[in-house]
Amino acid sequence: MKKQLVLMDHDGGVDDYLATMLLLTMEDIELLGIVVTPADCYIQSAVSATRKIIDLMKFSHISVAESTVRGINPFPRLYRRDSMIVDHLPILNQQENIITTLVAETGQDFMVRVLQEAPEPVTLMITGPLTTIATALDQAPEIETKIEKIIWMGGALNVPGNVEKSIELGQDGSAEWNVYWDAISAARVWKTQIEIIMCPLDLTNNVPVTSELVQKMGKQRHYPISDLAGQCYALVIPQDYYFWDVLATAYLGHPEFYQLQEWETEIVTSGVSQGRTKVVSGGRKIYAMDQVDKKAFYDYILQQWAR
Ligand SMILES: [Ca+2]
């Protein structure tokens with residue numbers, strides 16, 4: 001079977017490393033590189049942690065690129081510091097030097113080049129804001145035809161967002177963070193013809209990271225990957241945490257676990273609902289992951305990380 005070409009763009013949260021770790025276990029895809037967008041992280045730590053994870057999983061031929069785009073509304077510092085913690089985990093610091101290449105060009109330039117050079121259209125797996133792809137599309141609009149589809153963790157359709165009113169004063173709580181960081185770029189991508197399959201909060205709210213599951217990762221007694229996954233999740237277990245990026249990424253491996261629903265939507269780019277993905281009749285058609293077979297998903301990630 002021919003492998004699906006995939007380019008990943010993540011934004012350096014704990015969840016993004018776990019999504020990367022899942023993606024690297026998938027045998028039916030060919031990963032063309034990983035771009036790190038400087039959103040839910042401190043970028044140097046996030047790039048470094050990503051390269052160390054690739055080294056640990058023995059895929060050092062895959063390159064990493066640092067996007068230099070900027071957002072509008074920064075992620076809270078408390079979220080961003082997780083990138084620094086992950087980068088310092090002992091398990092990721094057993095060798096003297098990092099082998100995985102950090103390319104010299106920016107993440108947005110890398111994205112343009114990889115898409116231009118790809119022999120066939122590429123699936124973009126995006127687990128952060130859409131700013132890097134929006135910038136790449138502005139730089140080289142012709143790459144649109146080289147994008148097979150975008151699978152994206154983002155948005156909240158018929159549930160409240162996760163940009164809390166108590167943290168972001170003046171907002172109405174309807175926005176999801178990956179949109180809110182830069183709603184203008186999300187709206188830019190909404191203007192394209194690219195197929196978008198999103199994994200919104202509507203679905204992720206139903207798929208929590210439970211203490212039981214994290215402990216199962218330990219009981220599997222697999223080193224180093226299951227152990228590293230468990231350590232990453234242990235970091236976030238005191239807060240309400242869901243399988244956001246990981247749930248979106250698992251779609252690539254097993255789309256049959258999911259049911260999609262089509263919606264007509266628009267991105268709100270200003271005002272109190274800035275960053276909202278609003279369902280409106282006549283809006284831009286997207287597919288949202290609507291249901292997932294939770295047991296199959298939980299079993300799948302445990303199995304993939306049992307190494
Ligand atoms: Ca993310």
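This report walks through the calcium site, the sheet with its helices, and the salt bridges of a predicted model.

Residues are numbered from 1 along each chain as its sequence is written. Because the model is predicted, local features need pLDDT of at least 70 and side-chain atom pairs count only at pLDDT 80 or more, while totals for chains, interfaces and linings use all residues; side-chain values use heavy atoms, without hydrogens or water.

**Calcium site**

Let us start with the ion. Its protein donors (N, O and S atoms within 2.8 Å of a metal, or 3.2 Å for Na, K and Ca; water is not among the atoms, so sites may look incomplete) are D11 (OD), D16 (OD), D16 (OD), T127 (O) and D245 (OD), at 2.3 to 2.6 Å. Along the chain they follow the spacing D-x4-D-x110-T-x117-D. Both D11 and D16 are buried, where buried means under 20% relative accessible area, exposed over 50%, and partly exposed in between (1.4 Å probe, protein chains only).

**Sheet and helices**

Helices (H or I, at least four residues) and strands (E, at least two) are DSSP runs, numbered from the N terminus. Strands count as paired if DSSP finds at least two bridges between them. Nine strands form an open sheet with mixed pairing, in the order β3-β2-β1-β4-β5-β6-β9-β7-β8. At the edges stand β3 (64-66) and β8 (277-279), each with a single partner strand, so one side of each has no neighbour in the sheet. Strands β1 (residues 4-10) and β4 (residues 122-126) run parallel and are joined by 4 bridges; D9 has I126 as its bridge partner in β4.

In helix α6 (residues 131-139), the buried residues are T131, T132, I133, A134, A136 and L137. They pack against β1, β2 (29-36), α5 (107-117), β4, β5 and α8 (183-190), with contact meaning heavy atoms within 4.5 Å.

**Salt bridges**

The whole structure holds 7 salt bridges, each a side-chain nitrogen of Lys or Arg within 4 Å of a carboxyl oxygen of Asp or Glu. Among them are these:

| Pair | Closest N to O |
|---|---|
| D87 and K52 | 2.9 Å |
| D299 and K295 | 2.6 Å |

D87 is buried, at 9% relative accessible area, and K52 is buried as well, at 14%. K285 is partly exposed at 47%, as is E264 at 26%; this pair links strand β9 to strand β7, 21 residues apart. D299 and K295 both lie in helix α13 (residues 294-304), 4 residues apart, about one turn of the helix. Here D299 is partly exposed at 36%, whereas K295 is exposed at 58%. Salt bridges with shared partners also join E105, R113 and E117 into one network.
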